[in-house]
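Work through these exercises with the model open beside you. Try each task before reading its solution.

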Amino acid sequence: ATERTLSIIKPDAVAKNVIGEIYSRFEKAGLRIVAARMIHLSQEQAEGFYAEHKERPFFGDLVSFMTSGPVMIQVLEGEDAVIKNRDLMGATNPAQADAGTIRADFAQSIDENAVHGSDSVESAAREVAFFFTEDQLCSRTR
Ligand code: CMP
């Protein structure tokens, strides 16, 4: 089915100047960028976005990393977009990511792992709505 998923290019990858290379991978996989914005997340935004991880030991480091520099946030749309984006990203820990995935090629550690992608259609809906209103999506399904 045609789905949407939320993608974030994290501060490490923005600093490395590889936004375009990562966008190319989305496009080559048949995913369309239907909304995008670059922002420097506030602490409140980062804590709110990652609220489900609040009790995890890495939460503090995650929030400080995600607020350390600008991020590029986009909504990807296409057939099976959620799993397609997760396949492109590779495993959360880049040391375990398959060769040729975004994290294998651009990430250095589980904390600085280049990209975020929604893990299900349900979390995608919540995550897209966290950053975009419906009228900001230039979606083909509207
Ligand atoms: P992300 O997909 O953005 O979701 C939460 C992030 O927490 C994850 O990517 C990792 O960058 C980071 N993180 C750090 N340690 C862990 C861990 N042990 N398990 C899962 N995520 C972790």
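**Exercise 1. A salt bridge across the chain**

Which residue forms a salt bridge with Arg4? Work on the predicted model shown above.

Solution. 
- Step 1. Find the partner. Glu134 bridges to Arg4, with their closest N and O atoms 3.2 Å apart.
- Step 2. Glu134 sits in the segment after α7, Arg4 sits in strand β1, and 130 residues separate them, so the pair links distant parts of the chain.
- Step 3. Glu134 has a relative accessible area of 47% and is partly exposed. Arg4 is partly exposed too, because its relative accessibility is 22%, and the buried class ends under 20%.
- Step 4. Look for further links. Arg4, Glu77 and Glu134 are joined in a network of salt bridges.

**Exercise 2. Two further bridges**

Solution. 
- Step 1. Start with Asp105 and Arg25. Their side chains meet in a salt bridge of 2.8 Å, N to O.
- Step 2. Locate this pair. Asp105 is partly exposed at 40% relative accessibility. Arg25 is partly exposed at 22%.
- Step 3. Move to Glu52 and Arg126. Their side chains form a salt bridge of 3.3 Å, N to O.
- Step 4. Locate this pair. Glu52 counts as exposed because its relative accessibility is 51%, and the exposed class starts over 50%. Arg126 is partly exposed, at 41%.
- Step 5. Take the total. The count of salt bridges comes to five.

**Exercise 3. A buried charge**

Which side chain of opposite charge is nearest to Asp12, and how far away is it?

Solution. 
- Step 1. Find the nearest opposite charge. That is Lys16, 5.9 Å away.
- Step 2. Apply the cut-off. A salt bridge needs the atoms within 4 Å. Asp12 is buried and has no salt bridge.
- Step 3. Look for a polar partner instead. The side chain of Asp12 makes a polar contact with the side chain of Gln108, at 3.1 Å.
- Step 4. Among the residues Asp12 touches are Phe65, Phe106 and Asn113.

**Exercise 4. Around the ligand**

Which residues surround the ligand?

Solution. 
- Step 1. List the residues. They are Lys10, Tyr50, His53, Arg56, Phe58, Leu62, Thr92, Arg103, Ile110, Asp111, Asn113 and His116.
- Step 2. Pick out polar pairs. An N or O atom in the side chain of Lys10 is 2.7 Å from a ligand oxygen. For a polar side-chain atom of Tyr50, the distance to a ligand oxygen is 2.6 Å. For one of Asn113, it is 3.1 Å.
- Step 3. Examine Tyr50. This residue lies in the loop between α3 and α4. Its relative accessible area is 5%, so Tyr50 is buried. Its contacts include Lys10, Leu62 and His116.
- Step 4. Examine His116. It is found in strand β4 (residues 115-117). At 12% relative accessibility, His116 is buried. Its side chain makes a polar contact with that of Glu127, at 3.0 Å.

**Exercise 5. The nonpolar cores**

Which members of the largest nonpolar core touch the most other members?

Solution. 
- Step 1. Recall the background. In soluble globular proteins, nonpolar side chains tend to be buried together.
- Step 2. Name the residues. In this core of 21 residues, they are Leu6, Met66, Ile73 and Phe131.
- Step 3. Trace the elements. Those giving two or more residues are β1, β2, α3, α4, β3 and α7. Helix α4 supplies the largest share, five residues.
- Step 4. Follow Phe131. Its contacts include Leu6, Ile8, Phe49 and Ile73.
- Step 5. Find the other core. A second, separate core has 18 residues, including Leu31, Leu76, Ile102 and Ala114.

Conventions:
Residues numbered from 1 in each chain as written. Predicted model: local features only at pLDDT ≥ 70, side-chain atom pairs only at ≥ 80, totals over all residues. Heavy atoms only, no water. Buried < 20%, exposed > 50% of the residue type's maximum accessible area, 1.4 Å probe, protein only. Lys, Arg positive; Asp, Glu negative; His and termini not counted. Polar contact = N/O pair within 3.5 Å; in protein donor to acceptor, adjacent residues only side chain to side chain. Contact = heavy atoms within 4.5 Å. Core = buried A, V, L, I, M, F, W, Y, C linked by side-chain atoms within 4.5 Å. Helix = DSSP H or I, 4+ residues; strand = E, 2+ residues; numbered from the N terminus. Near = heavy atom within 4 Å. Lists of a residue's contacts leave out its neighbours within four places in sequence.
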